[in-house]
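Thanks for coming, everyone. Let me put today's structure on the screen and walk you through it.

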Amino acid sequence: MEMIIGQLQYFGASFLWGAVLMFFYDFLEVFRRKVKHAKAVRWLEDWLFWAVAAILVFQMIFALNNGILRSFFVVSFVVGMVGYKKMAKGHVIDAVCAIITWIFRPYVWILKKIKKKNKKTLK
């Protein structure tokens, strides 16, 4: 019975890890929306993100199942990623962008005022 419970925990953790990785990838996408990047930089960011993700997933696999990769883990992981992408991805990105815009709104307003004042003094 303990073995079955352990495998169910492994299954649930793999699902959650898939969703969590996509959640953190959304922050990378928000960063890309706010700051323009060259293709090479985007490639490097993706490569670094997925390299760190692979290390973290391996640590989870090692901790929960002694490093043994099971097919149901892969299926659950992919279902977690796709499920997150289908249900929450757009909402999360829009919400984070809105929060960032709201936080930086006073700074943008101040910068606009400074630029406007500088234009008047230069004339």
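First, a term: helices (H or I, at least four residues) and strands (E, at least two) are DSSP runs, numbered from the N terminus. This is a predicted model, where local features need pLDDT of at least 70 and side-chain atom pairs count only at pLDDT 80 or more, while totals for chains, interfaces and linings use all residues. Residues are numbered from 1 along each chain as its sequence is written, and side-chain values use heavy atoms, with hydrogens and water left out.

Let's start with one residue. Asp26 sits in helix H1, residues 2-34. Is Asp26 buried or exposed? Its relative accessibility is 1%, so Asp26 counts as buried. Buried means under 20% relative accessible area, exposed means over 50%, and partly exposed is in between, using a 1.4 Å probe and protein chains only. Which residues does Asp26 touch? Leaving out residues up to four places away in sequence, Asp26 touches Tyr84, Lys89, Val92 and Ile93. Contact here means heavy atoms within 4.5 Å.

Now the helix pairs. Two packed helices are described by the angle between their axes and the distance between the axes. Axes are lines fitted to C-alpha atoms, for helices over the stretch in contact, and angles run from 0 to 180 degrees between N-to-C directions.

Take H1 and H2. Their axes come within 11 Å and cross at roughly 165°. That makes H1 roughly antiparallel to H2. On the cut-offs, angles under 35 degrees are roughly parallel, over 145 roughly antiparallel, 65 to 115 roughly perpendicular, and the rest oblique. The H1 and H2 crossing is right-handed. A crossing is left-handed if the near helix is turned anticlockwise from the far one by less than a right angle, and right-handed if clockwise. The contact residues of H1 with H2 divide into 17 nonpolar, four polar and four charged. Nonpolar covers Ala, Val, Leu, Ile, Met, Phe, Trp, Tyr, Cys and Pro; charged covers Asp, Glu, Lys and Arg; the others, Gly among them, are polar.

Next, helix H2 (residues 39-65) and helix H3 (residues 71-87). Their axes come within 13 Å and cross at roughly 135°. So H2 is oblique to H3. H2 passes H3 in a right-handed crossing. Who makes the contact? From H2, Trp50, Val57, Met60 and Ile61; from H3, Phe73, Phe77 and Met81. That contact has seven nonpolar residues, no polar and no charged.

On to the aromatics. Rings of Phe, Tyr and Trp (its six-membered ring) pair if their centres lie within 6.5 Å; planes under 30 degrees apart are stacked, over 60 edge-to-face, and the rest tilted. How many aromatic pairs are found in the whole structure? The search finds 12. One of them is Phe11 with Phe72, a tilted pair at 6.2 Å centre to centre and 40° between the planes. Phe11 lies in helix H1 and Phe72 in helix H3, so this pair ties together parts 61 residues apart in sequence. Phe11 is partly exposed at 40% relative accessibility, and Phe72 is partly exposed at 26%.

Another pair is Phe49 and Trp50, edge-to-face, at 4.9 Å centre to centre and 90° between the planes. Phe49 is buried at 17%; Trp50 is partly exposed at 33%. There is also a cluster: Tyr10, Phe11, Phe72, Phe73 and Phe77 form one aromatic cluster.

Last stop, Val74, in helix H3. Val74 is partly exposed, at 39%. Its C-alpha atom and that of Lys115, 41 residues apart along the chain, are separated by 53 Å.
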